[in-house]
Amino acid sequence: MLAFLLRVGSVQAADIQRIVPLTPSLLELVSALGGGDRIVGRVQFADNPPAARSLPSVGSYVRLNLEKIAALHPDLCLALADGTPPNTVRRLRMLGIPVMVLHMDTPDQFLHAVEMLGKALGLDSGSRRLTDTLNRRLEKIQCRTEGFSRKPSAVFVVQRNPLLIAGPDSFPGRLLELAGTYSPFPPGRRYRAVSRERMQAFHPEIEVVSDPNASRHNPEIRRNAQGTWIISLHPDVISRPSPDCMSALEMLTDAVGSIVHHDDR
């Protein structure tokens, strides 16, 4: 808790009335906690909730416009440790703008960030409601996966060309594990480029693919010519550490369950 507050500096919760989240997922999180009326700016592709689209844009989350951020006179900017460029955080602080850096690399870290952010913003009741809801849904998922007859191997494919996968230590990798699968790849770097030959050597039974044309609500499940199951999910659902991540996990669990049931027949 102390290390978390040191990132915020001397800003008190009552003084934080103008917030600029520097990633789409952080905007979703502040809104889910009940602080949407304090958000005064957004980054590109931050479109959930829909009302956020009317907010002024400060650039993409990897190429932020510091002048536009400063012009919004934020009391606090929210950054993601594994998403916001460190140099941007340093320059904002040099301008006298407080920045809170959150670690949300795994579902466990995400739940901890919900609690800590709620305390920092004075939105404790909102954070308790959200964490309670997410934990209840997680318990149901765990009960479901305990009923699977086996754990299939699975990997999350970030992009096809060049081939980039998310390792078991990444946020999507942890979601896959919670959905009742295991990674055929060893832990290490969260995201890694692999050759097609290496991919074939590990031969995952399931490939979860980030597809911008996929539905946000109903993943497509198919089997390719090599016998590998392909689950297509929209990148906003599977890649963002946001309150919607539990919906992604529920969809993944349902998809994995249907594959296991099909193979058991």
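Student: How are H7 and H10 oriented to each other?

Tutor: Two packed helices are described by the angle between their axes and the distance between the axes. Axes here are lines fitted to C-alpha atoms, for helices over the stretch in contact, with angles from 0 to 180 degrees between N-to-C directions. Angles under 35 degrees count as roughly parallel, over 145 as roughly antiparallel, 65 to 115 as roughly perpendicular and the rest as oblique. The axes of H7 and H10 cross at roughly 45° and come within 9 Å, and the two helices are therefore oblique.

Tutor: This is a predicted model, in which local features need pLDDT of at least 70 and side-chain atom pairs count only at pLDDT 80 or more, while totals for chains, interfaces and linings use all residues. Residues are numbered from 1 along each chain as its sequence is written, and side-chain values use heavy atoms, leaving out hydrogens and water.

Student: Which residues of H7 and H10 meet?

Tutor: Contact means heavy atoms within 4.5 Å. Phe-171, Leu-175, Leu-176 and Leu-178 of H7 meet Cys-245, Leu-249 and Leu-252 of H10. Ala, Val, Leu, Ile, Met, Phe, Trp, Tyr, Cys and Pro count as nonpolar, Asp, Glu, Lys and Arg as charged, and the others, Gly among them, as polar. By that scheme, the contact of H7 with H10 has seven nonpolar residues, no polar and no charged.

Student: At what angle do the axes of H6 and H10 cross?

Tutor: They cross at roughly 10° and come within 10 Å, which makes H6 roughly parallel to H10. The classes in this contact are five nonpolar, four polar and four charged residues. Among the residues that meet are Arg-137 and Arg-144 in H6, and Glu-250 and Asp-254 in H10.

Student: What span should H6 have?

Tutor: The expected span of a helix is 1.5 Å times one less than its number of residues. H6 has 23 residues (124-146) and should span 33 Å; its end C-alpha atoms are 33 Å apart, which agrees.

Student: How many residues of H2 are buried?

Tutor: Buried means under 20% relative accessible area, exposed over 50%, partly exposed in between (1.4 Å probe, protein chains only). Eight of the ten residues of H2 are buried, so this helix is largely enclosed by the rest of the structure. Its cover includes strands E1, E4 and E5, along with H5 and H6.

Student: Is His-261 buried or exposed?

Tutor: His-261, in helix H10, counts as exposed because its relative accessibility is 52%.

Methods. Helices (H or I, at least four residues) and strands (E, at least two) are DSSP runs, numbered from the N terminus.
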